[in-house]
Amino acid sequence: MADRIVNLMVDDAGDGMRIDACLASFDGMPSRSACARLVGDGRVTVNGVSVRSKSEPVSMGDMLQVTIAVPDAPAMGEGPLRPAPIDLDVRFEDDYLLVLSKQAGLVCHPSPGHTDDTLANALVARCGYAHLGTLQGEDRPGIVHRLDRDTSGLMVAAKDDVTQKALQDLIRMRTLDRRYVTLVQGYVAPETGLVDVGIARSTRDRLRMAATDAPGSREAITTFTTLERFEAGPRDEGYSLLECHLYTGRTHQIRVHMAHIHHPVVGDPVYGAGDLRRNLGLDRQFLHSWHIEFDHPRTGETLCLADTLPADLSGVLDALADRSMGRTEAGERIVPALGPARA
């Protein structure tokens, strides 16, 4: 077992935050609960002074030093996670990273109720624990960014710490281009739009996130482009197909932002409209990571991948086809790329 020293400086976004939450907000740091344990174990200092209380607030400009125990690399297939033989739809792979299309229903990393059936377990089975980056924590090998359990589509995984850190830097610098397709409730009039509202844990329901700029919220920026609109029916106010572009990666970001502008994602069980008849038969949110583009951090190659809609989402658009009000200019370009039936 060896120690890794991480030095961090609190920026304006972290000013006034609890130390465990502030630590967890930095790319490459483990989960909030793991950061709380680091504080309790005396492995965190603030401006050179050891702290033991996870609730201690920090201020902008504070220098944090974290000592993280790094286990010796285990042999192929060994480690704290049990490998799981889950089929992965890999679209690109080399010695450093892979890009895959995650199926709906697959949790990205272990959590209560999901210990041996996650994407992380599947990555261990495919690559071996020793051949995955572990900067996100020992229970999150390979994970660079996450998709919600019932969100499908493209995501990146890293095979070593150097690549994982570089990919996280691309996300932080907003040069890893992630675009999603979503169907939302109602008629979205603008061709393009920007939602720039912070996101924080809801104070009323800890399982939900909330759009707010209150102290403690984290910056969240989503832009959207309208692709196609669908007429209202006897039980709904119509629908709009959007492409959303993430500039930040907060929990449930697109779902929260769409609900905030009164156009919740179709099928969303948490932030949705509440009328199941308006979900068009879906039992999960209509949200798909369809496009990802970035410069490979180790080879310099520009990777640009697109993913067609899975059958359940494509079927919803088929059912709405006779209600289409026409595609926008962006829709004429993007929608055909979502699958043969859209051409």
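Tutor: Happy to! Let's begin with a word we need: a residue is buried when its relative accessible area is under 20%, exposed when over 50%, and partly exposed in between, using a 1.4 Å probe and protein chains only. Helices (H or I, at least four residues) and strands (E, at least two) are DSSP runs, numbered from the N terminus. The model is predicted, so local features need pLDDT of at least 70 and side-chain atom pairs count only at pLDDT 80 or more, while totals for chains, interfaces and linings use all residues. Residues are numbered from 1 along each chain as its sequence is written, and side-chain values use heavy atoms, leaving out hydrogens and water.

Our part is strand β8, residues 177-185, where 8 of the 9 residues are buried. Two strands pair if DSSP finds at least two bridges between them. β8 pairs with strand β13 (residues 239-246) in the antiparallel sense, over 8 bridges; Val184 has Ser240 as its bridge partner there. Strand β14 (residues 287-295) also runs antiparallel to β8, joined by 6 bridges, and Arg178 is partnered with Ile292 in β14.

Now for the nonpolar cores, sets of buried Ala, Val, Leu, Ile, Met, Phe, Trp, Tyr and Cys residues joined through side-chain atoms within 4.5 Å. The largest has 50 residues, and Leu183 and Leu241 are among those with the most contacts inside it. Helix α3 (residues 119-127) gives this core the most, 6 residues. A second, separate core has 20 residues, including Val6 and Phe26.
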